[in-house]
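Please open the model in your viewer and keep the selection panel at hand.

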Amino acid sequence: MQKMMGCAILAFGLMIIVVTATAPPSQGIACNDALKDLGPCQSFLVASGPATTPPTSDCCQGAASVMKQATTTDTRKSLCVCFKDAGKNMKVNADRAKSLPKFCNLNVPVPIDPSVNCDT
């Protein structure tokens, strides 16, 4: 359960990215599937101190996969809410979460912020 929650924080950050992104319609991705894809990111997200070592390639691949599959506005909003709810009780290093897009070469149009409004 803790592993899934840690991944949720990363997913939350990524959802901020995809909530405003535009993409062609598709089936999208369910919350549990997104959390599973982001599982390899847990150790990166919960570590203390600044991120001086990048996340694993599996983490970056999972993050890219979630972004690629969150293609509809409804899916992105749903995942945003899911990630926010799942991440409420985890102790994720916010600075590390914010640095993930840079390390994984993901284009993030908005900052990763736990106060994001999932309805916009």
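A disulfide is, for this tour, a pair of cysteine sulfur atoms within 2.5 Å, and by this rule the count comes to three disulfides. The model is a predicted one, in which local features need pLDDT of at least 70 and side-chain atom pairs count only at pLDDT 80 or more, while totals for chains, interfaces and linings use all residues. Residues are numbered from 1 along each chain as its sequence is written, and side-chain values use heavy atoms, with hydrogens and water left out.

**First stop: Cys60 and Cys104**

Select Cys60 and Cys104, which form a disulfide with their sulfur atoms 2.0 Å apart. The torsion about the S-S bond of this pair is about -75°, so the disulfide is left-handed. Cys60 sits in helix H4 and Cys104 in the segment after helix H6 (94–103), so that the pair links distant parts of the chain, 44 residues apart; helices here are DSSP runs of H or I with at least four residues, numbered from the N terminus. Cys60 is buried, with a relative accessible area of 16%, and Cys104 counts as buried at 11%, where buried means under 20% relative accessible area, exposed over 50% and partly exposed in between, with a 1.4 Å probe and protein chains only.

**Second stop: Cys41 and Cys59**

Next select Cys41 and Cys59, which a disulfide joins with an S to S distance of 2.0 Å. Cys41 lies in the loop between helix H2 (31–37) and helix H3 (42–46), whereas Cys59 belongs to helix H4 (residues 57–69), so the pair ties together parts that are 18 residues apart in sequence. With 105° about the S-S bond, the link of Cys41 and Cys59 is right-handed, and both Cys41 and Cys59 are buried.

Now select Cys80 and Cys118, joined by a disulfide with S to S 2.0 Å. Cys80 lies in helix H5 (residues 73–87) and Cys118 in the segment after H6, so the pair ties together parts that are 38 residues apart in sequence. How is this disulfide handed, given the torsion about the S-S bond of Cys80 and Cys118? That torsion is about -70°, so the disulfide is left-handed. Cys80 is buried, with a relative accessible area of 0%, and Cys118 counts as buried at 7%.

**Last stop: Thr72**

Finally, select Thr72, in the loop between H4 and H5, which counts as buried at 18% relative accessibility.

Conventions: Helix = DSSP H or I, 4+ residues; strand = E, 2+ residues; numbered from the N terminus.
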